[in-house]
Amino acid sequence: MTYELPEPEPAPAGGAAAAPKAEPIAVRLASASAEKGQGGTKACQACHSFEKGGPNKVGPDLYDVVERQKAGHGGFDYSAALKEKGGTWTYEDLDHFLESPKGFVKGTKMAFAGIGNPAERANVIAYLRSLSESPKPLPAAEK
């Protein structure tokens with residue numbers, strides 16, 4: 001006796017299960033915690049300073065990074081890839097970069113693998129936003 005089995009579902013590209021799509025950064029920032037984000041930057045502190053006028057280390061100082069020109073912090077030798085990216089560090093760009101630095105800026109010198117958890121990225125971005133004398137307005141969540 002033989003039984004017909006259902007055809008298996010095709011696997012997503014790359015062979016792994018597809019990750020659920022994250023909510024837009026504006027939605028995640030509305031409930032993000034800068035305090036939790038500060039805790040989420042412990043690994044970052046090995047290469048970056050976060051205080052006003054802080055020194056560049058392996059990476060640039062990140063004080064007032066939101067809406068700063070990409071590759072624009074004085075005294076740091078950025079990769080050609082980041083210099084060519086252009087624009088400013090918008091909330092959305094920070095979200096993509098923190099998710100996968102090498103995916104967002106192919107050729108970046110940043111060796112960090114990224115933060116896969118969307119809520120954790122939003123917390124880190126909320127913390128980065130707080131590092132300013134005049135924090136940039138939060139993006140409006142589209143309805």
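Reader: Is Trp-89 buried or exposed?

Author: Before the answer, note that this is a predicted model, in which local features need pLDDT of at least 70, side-chain atom pairs count only at pLDDT 80 or more, and totals for chains, interfaces and linings use all residues. Residues are numbered from 1 along each chain as its sequence is written, and side-chain values use heavy atoms, with hydrogens and water left out. Burial is judged by relative accessible area with a 1.4 Å probe and protein chains only, where under 20% is buried, over 50% is exposed and anything in between is partly exposed. Trp-89 has 7% relative accessibility, and therefore counts as buried.

Reader: How is the ring pair of Trp-89 and Phe-97 classed?

Author: Rings of Phe, Tyr and Trp (for Trp, the six-membered ring) pair if their centres lie within 6.5 Å, and planes under 30 degrees apart count as stacked, over 60 as edge-to-face and the rest as tilted. Phe-97 is buried, with a relative accessible area of 8%. The ring centres of Trp-89 and Phe-97 are 5.0 Å apart and their planes meet at 50°, so the pair is tilted.

Reader: Which residues do ring pairs link into a cluster, and which charged end sits over the ring of Phe-104?

Author: The cluster linked by ring pairs consists of Trp-89, Phe-97 and Phe-104. A charge sits over a ring if NZ of Lys or CZ of Arg is within 6 Å of the ring centre and within 35 degrees of the ring normal. The charged end of Lys-70 sits over the ring of Trp-89, at 5.2 Å from its centre. Over the ring of Phe-104, at 4.1 Å from its centre, sits the charged end of Lys-85.

Reader: What covers the buried residues of α4?

Author: Helix α4 spans residues 91-99, and its buried residues are Tyr-91, Asp-93, Leu-94, Asp-95, Phe-97 and Leu-98. The elements that cover them include α1 (25-30), α5 (101-104) and α6 (118-130).

Reader: Which residues do salt bridges that share partners join into one network?

Author: A salt bridge is a side-chain nitrogen of Lys or Arg within 4 Å of a carboxyl oxygen of Asp or Glu, and by this rule the count comes to six. The side chains of Arg-28 and Asp-95 form one of them at 2.5 Å, N to O, linking helix α1 with helix α4 across 67 residues. Asp-95 also forms a salt bridge with Arg-121, the closest N and O atoms being 2.7 Å apart, and because Asp-95 lies in helix α4 and Arg-121 in helix α6, this pair ties together parts that are 26 residues apart in sequence. The network joined by shared partners is Arg-28, Asp-95 and Arg-121.

Reader: Are Lys-52 and Glu-133 buried or exposed?

Author: Lys-52 forms a salt bridge with Glu-133, with the closest N and O atoms 2.1 Å apart. Lys-52 lies in the loop between α2 (34-39) and α3 and Glu-133 in the segment after α6, so the pair ties together parts that are 81 residues apart in sequence. Both Lys-52 and Glu-133 are exposed.

Methods: Helices (H or I, at least four residues) and strands (E, at least two) are DSSP runs, numbered from the N terminus. Contact means heavy atoms within 4.5 Å.
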